[in-house]
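Subject: Handover of a structure and its findings

Dear colleague,

Please find below the structure that I am passing on to you. My notes on what was found in it follow directly after.

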Amino acid sequence: MIVLLTGDDQHAIQEQLNQYKAEIDAQWLTLCYHRFPADHLDRAISVARTRSLTGGKKLVIVENCHLKQWGDTELETLQPLVQVPEFTILVFVATNLDKRLKIYKHLVKYAKLFEFPLIPPWRTDLIEKAISTQAKKIKLVLSKGAVEYLAEAIGNDMTRAATELRKLYIYGNGRQLELAEVKELVPCQTQNSLQLASAIRQGESNQVLHLLDDLLSRSEPLMVIVATLLTQFRTWLWVKSAIASGVKKDSELAQLCSISNPNRIYYLRQEVANTSINALAKAVTMMLDLEMSIKRGADAKDLLPVILGVSRLFKLVLSTET
């Protein structure tokens, strides 16, 4: 079996990998469980094509395969995928993929594609559902209020959610946990990338510095921060542009702007009411450039000047209006 796992939800991807690992006989893990970086593709394929010495299943994982780092040589290396034995599980793991690439089109001829996108931070309904599902898996009983609080306190960080839920399971010892108990055990990290986006849009440089420092001190991945900011500013730009072009109905705005929950339009209208289209457009361009820089290796020190630069766009607009 050949599998391609992709997405920003690293917890969900790791859970899937753990499921595949559980299919391997524990006493033969040393012989039948292999992990390779993307630049060792030839070695990974060689191992995958070799039948297991134990006669059972073998798991071969190739990590960090965004595919753009592979060219004609790697495409040639992947030609014998059809020869991978039936009892070998060959897994390619990628955070994101360019589906236009020849190498991707070749891979999906043989591989099952599983996509694990991170839940958008504003979809608290989906976050609550995911937390409830994880809790049920480990037989942790939580009150409705406790689940709602955890969704607010943890956000879409499902890796942290798993850690906190295991802690609550040990503490609860089989009984239902109520909101007050959960609040004492799980701190609410209210500073998140959505709040950062709002502070930037309002030109509040001091608040931007505070929120960004808090996010970085908690080791929030740079790509997650920037991806959330980019998504939020794109949404604001789309909504502002649609309103400016004469679209009035919330249902039409939601459809045009690819917003799944029409009720969110009410809040988005308020958020963009006093915001410049030009500033939003420049912000999206700067965020796209920043995203590309991070993919090329930029680090936290490169993040601050750009974020403050975007914030100044809106501060200038507000100053002009007043």
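**Aromatic pairs and their surroundings**

Across the whole structure, a search finds 4 aromatic pairs (Phe, Tyr and Trp rings, with the six-membered ring taken for Trp, whose centres lie within 6.5 Å; planes under 30 degrees apart count as stacked, over 60 as edge-to-face and the rest as tilted). W70 and F92 form an edge-to-face pair, because their ring centres are 6.4 Å apart and their planes stand at 80°. W70 belongs to the loop between β3 (58-63) and α4 (72-77), while F92 is in strand β4 (residues 88-94), so this pair ties together parts that are 22 residues apart in sequence. Helices (H or I, at least four residues) and strands (E, at least two) are DSSP runs, numbered from the N terminus. W70 and F92 are both buried (under 20% relative accessible area, with exposed meaning over 50% and partly exposed in between; 1.4 Å probe, protein chains only).

Please note that this is a predicted model: local features need pLDDT of at least 70, side-chain atom pairs count only at pLDDT 80 or more, and totals for chains, interfaces and linings use all residues. Residues are numbered from 1 along each chain as its sequence is written, and side-chain values use heavy atoms, with hydrogens and water left out.

The pair of F233 and F314 is tilted, with 5.7 Å from centre to centre and 35° between the planes. F233 lies in helix α12 (residues 222-244) and F314 in helix α16 (residues 300-321), so parts that are 81 residues apart in sequence are tied together. F233 and F314 are buried, and together with W236 they form one aromatic cluster.

Two charges also sit over rings (NZ of Lys or CZ of Arg within 6 Å of the ring centre and within 35 degrees of the ring normal). The charged end of R201 is over the ring of W236, 4.7 Å from its centre, and K21 lies over the face of Y33 at 4.5 Å from the ring centre.

**A helix contact and an exposed residue**

The axes of α12 and helix α14 (residues 264-272) come within 10 Å and cross at roughly 85° (lines fitted to C-alpha atoms over the stretch in contact, with angles from 0 to 180 degrees between N-to-C directions). α12 is therefore roughly perpendicular to α14 (65 to 115 degrees; under 35 is roughly parallel, over 145 roughly antiparallel and the rest oblique).

D213, in helix α11 (residues 205-217), counts as exposed because its relative accessibility is 55%.

Yours sincerely
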